[in-house]
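Please look over the model below with these notes beside it.

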Amino acid sequence: MTPAPLDLDAVRACLEPPGMMLPREAYTSDEVLAWERRVVFGGGWVCAGRANTLAPRSRMAVAVGDDSVLLVRDGDGTLRGFYNVCRHRGHELLPCGSSATGRFIACPYHSWVYDLRGDLHKVPRAEPPKLGLVPVPVVEWHGFVFVNASGDAPPIGEYLAGLEEIVAPYGMAGLEVAASHDYELDANWKLAVENYHECYHCPAIHPELCRVSPPDSGDNYRPEGLWAGGRMDLVEGAQTMSMDGSSGAGPLPGITGERLRIVEYVQLFPNLLLSMHPDYVMTHVLEPVSGGRTKVTCQWLFPPGTTEVAYAVDFWDVTNRQDWSACEGVQRGVNSRGYLPGPFTVDEDVTYQWIATMATAYLTGRAPALPERI
């Protein structure tokens, strides 16, 4: 276990309450990002997108840390994961980011063929040896696919302990992607997470949001598992987060009582942001591109057949772009020789939780630990 290539004394300083941002290199260095890919993304449960993207007898190659993982759904609907590597000469079975269908998986190099269970089915001009694809732990959780490339993360129920009762009423497994936007921002992926975890900035840059949700409302959680977040209230008369507070779809089937008046914001470490509204769920999946660049896939989930979704998409596209502009401004700031981390305020306590989790990983040289182990 090798600590991150950072000034570790500066990292330790981030753990002192009320906390502060990480040292400059954590946001700018490709060497630090390489460490994060190997340790943080490779060692935890990483969200690889929505489960219903994979139909029966289909497969998709996804990047998880430094690894490429082949997600496969067989004819019976069972989801499996394998390293995207042929057992013959090591060629990738599918280019990362692409998908395919069919009853068999054929290596494009020498045509070794595997079935959807990962067993070697046949090879040209020879009796196939008893070799199969190397499995990777995968799990479906509320309609999302999670992958653990290292194979040694805690079970998903332990990893996300305490989150089930918050997310269950939204019935996310039964929702469908009604809209999807890809953004690329010139900022480190952690800056997008830090911004997400506080609304201290909202009065300055989110006038539309502040009209429908008071920026000082709600409560934050003290989680048992590897997630962080809190809830915010809707103003009187607002049904949801939209330009005028009205909903074009109506509440989700499982949302009643006080949940009609709140929005839940949680991050599942490391790369999934879940924003759960009374009538829809918005997700952000973060993919680091470089030390100073991040791809964000934002999706809006609604019940099947919902056609009126623009009210949610338009509101959050405006808000997203305001956030990305702010993150890019911070990125330019941390690149300056004048950057010195300043203290957090009481309104940034979840950001402090996030920073403390990352700082502890940097210091210990292992994937983020559950809170009670930090």
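1. Helix H6 is mostly covered, with eight of its eight residues buried (buried is under 20% relative accessible area, exposed over 50%, partly exposed in between, with a 1.4 Å probe and protein chains only). Helices (H or I, at least four residues) and strands (E, at least two) are DSSP runs, numbered from the N terminus.

2. This is a predicted model: local features need pLDDT of at least 70, side-chain atom pairs count only at pLDDT 80 or more, and totals for chains, interfaces and linings use all residues. Residues are numbered from 1 along each chain as its sequence is written, and side-chain values use heavy atoms, with hydrogens and water left out.

3. H6 (residues 189-196) packs with H10 (residues 349-364) at about 145°, the axes being 8 Å apart. Axes are lines fitted to C-alpha atoms, for helices over the stretch in contact, and angles run from 0 to 180 degrees between N-to-C directions.

4. Which residues make the contact of H6 and H10? H6 supplies Trp189, Lys190, Val193 and Glu194, and H10 supplies Thr351, Trp354, Ile355, Met358 and Tyr362 (contact means heavy atoms within 4.5 Å). By class, six are nonpolar, one is polar and two are charged.

5. Gly65 lies in the loop between strand S2 (58-64) and strand S3 (67-73). Gly65 is buried, at 16% relative accessible area. Beyond its neighbours within four places in sequence, Gly65 is in contact with Arg37, Phe41 and Gly42.

Key
Nonpolar A, V, L, I, M, F, W, Y, C, P; charged D, E, K, R; others polar.
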